[in-house]
Every structure is written in structure tokens, then in C-alpha cells.
Amino acid sequence: VVVGAASSLHQLAIARRVQRVRIARRRLAGSPRIRRVTPTASLMPDTGAYLLVGAIAALVTFATTPVVGAIARRVGWVVEPEERHVHKVATPDVGGIAMFLGFVVAFLVARSMDTFASLFRSGDSEPRGILIAATLMFLVGFIDDIHEISAPAKVVGTVLVAVLLVYYGVTMFYFRVPFNDVYILSDEWVP
């Protein structure tokens, strides 16, 4: 959840700042598919804001997990122990509810912060796309936890979520290798 909420917002912030790099790169003939760049202050968003959003996601998830577990036991959304499971008692299998709540609360907090104001401009479709896609992916997982849907049905749900992300214009312009560098994707790799 911490990585998901912070990463989604981080992707959107960097995408805005990397746009001018992409325009300059288009002018270069024969540019490589992936370019290594050294992070600079202009590309790096405020780390403290991302840490705050991630901490909020973690705290909400941590606080709601026992509540979700109690409700799951009461309703019967548990996995009974059997040969192929390690646990010896019935275990709730809808922990995704708590994680999704953590994501939504962190998303709403980020929306209210001035640091992320450029990401949530009116008319901007990426945040809406991320929230809708996360909700649909959560629903696919939730239905699978309760009714055990087939693998092809889960794949169809995942592909539909990916199509929604593309429809709303959510794009990955770069990826970061931890403790290394930022790599900007060329136009051929960006959908």
C-alpha cells in the first residue's frame, strides 16, 4: 500500500516534469530506447510529502486490518485450514479491503496537499484513472477471495483495468532503479 500510493503519485509528478525531456529527445535522431539520467532537483519531487502519504496509507491499513479481520470472521470470509495451507486456524482472506482503504485515504490526503496540486488539476484524467483502475482491481481480488473466480476471469479483469489506465492517459515515462539512477523510456516504449 505504501509503495502503491506513493508510487502512483510519484509517477504522475515525474511525468509532468519529464515531458520537456521527451520533447527534446524527439528532436534527436537515432535516440536509444532507454536513456540513463542522473536525478536532479528539478526531476525529484518533495520526498517528505511522499513519505507522509505513504505513512498515512500504512497507518490506515494497519488500523483497519483488525476491523476487517473481525468482520470477515463474522461473515465467514475465511480460509479453513487444509493440507495445502500452512495456517492451523481459519484465516480471513479479504485483507485487500484494509489495503484498499489505506490507498484511498492516502490518495484523498494527497489530493488535499498543496505539494500535489499540479497532479489533481481540474480536467486532469490520470488521478481519476488510477482511482477507478485501483477500485476495479480491488473488486476483482475481492470477488476472487469470496467466490474463487477462474484464472482466465482474473486475467480478463486485469486486462480491462490496464485498458482503463490507457484510456485515462496514465503513462509511465521513467522507472527508477533503487539506489542507482532514473531511466527515462523512449517514445517507442511509452504507450
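Phe 138 and Phe 142 are four residues apart in helix α4, so about one helical turn separates them. In this predicted model, the two residues form a stacked aromatic pair. The structure holds seven aromatic pairs, and Phe 142 also takes part in an edge-to-face pair with Trp 77. A pair of aromatic rings is described by the distance of the centres and the angle of the planes. The table gives both values for these two pairs.

| Pair | Centre to centre | Angle between planes | Type |
|---|---|---|---|
| Phe 138 and Phe 142 | 5.8 Å | 25° | stacked |
| Trp 77 and Phe 142 | 5.2 Å | 85° | edge-to-face |

Trp 77 lies in the loop between α2 and β2 (78-79), whereas Phe 142 is in helix α4, so their pair ties together parts that are 65 residues apart in sequence. With a relative accessibility of 25%, Trp 77 counts as partly exposed. One aromatic cluster is formed by Trp 77, Phe 100, Phe 138 and Phe 142.

The helix packing comes next. The axes of α2 and α3 are 7 Å apart, and the helices pack at an angle of about 145°. The crossing of α2 past α3 is right-handed. Residues of α2 in this contact include Val 53, Ile 56 and Val 60, and those of α3 include Leu 101, Val 105 and Val 109. By type, the residues of the contact of α2 with α3 are 13 nonpolar, four polar and no charged.

The largest nonpolar core has 21 residues, of which Val 53, Phe 116 and Phe 120 touch the most other members. At least two residues of this core come from each of α2 (47-75), α3 (96-112) and α4 (126-147).

Notes: Residues numbered from 1 in each chain as written. Predicted model: local features only at pLDDT ≥ 70, side-chain atom pairs only at ≥ 80, totals over all residues. Heavy atoms only, no water. Core = buried A, V, L, I, M, F, W, Y, C linked by side-chain atoms within 4.5 Å. Buried < 20%, exposed > 50% of the residue type's maximum accessible area, 1.4 Å probe, protein only. Phe/Tyr/Trp six-rings, centres within 6.5 Å; stacked < 30°, edge-to-face > 60°. Axes fitted to C-alpha atoms, helices over the stretch in contact; angles between N-to-C directions. Left-handed = near helix turned anticlockwise from the far one by under 90°. Contact = heavy atoms within 4.5 Å. Nonpolar A, V, L, I, M, F, W, Y, C, P; charged D, E, K, R; others polar.
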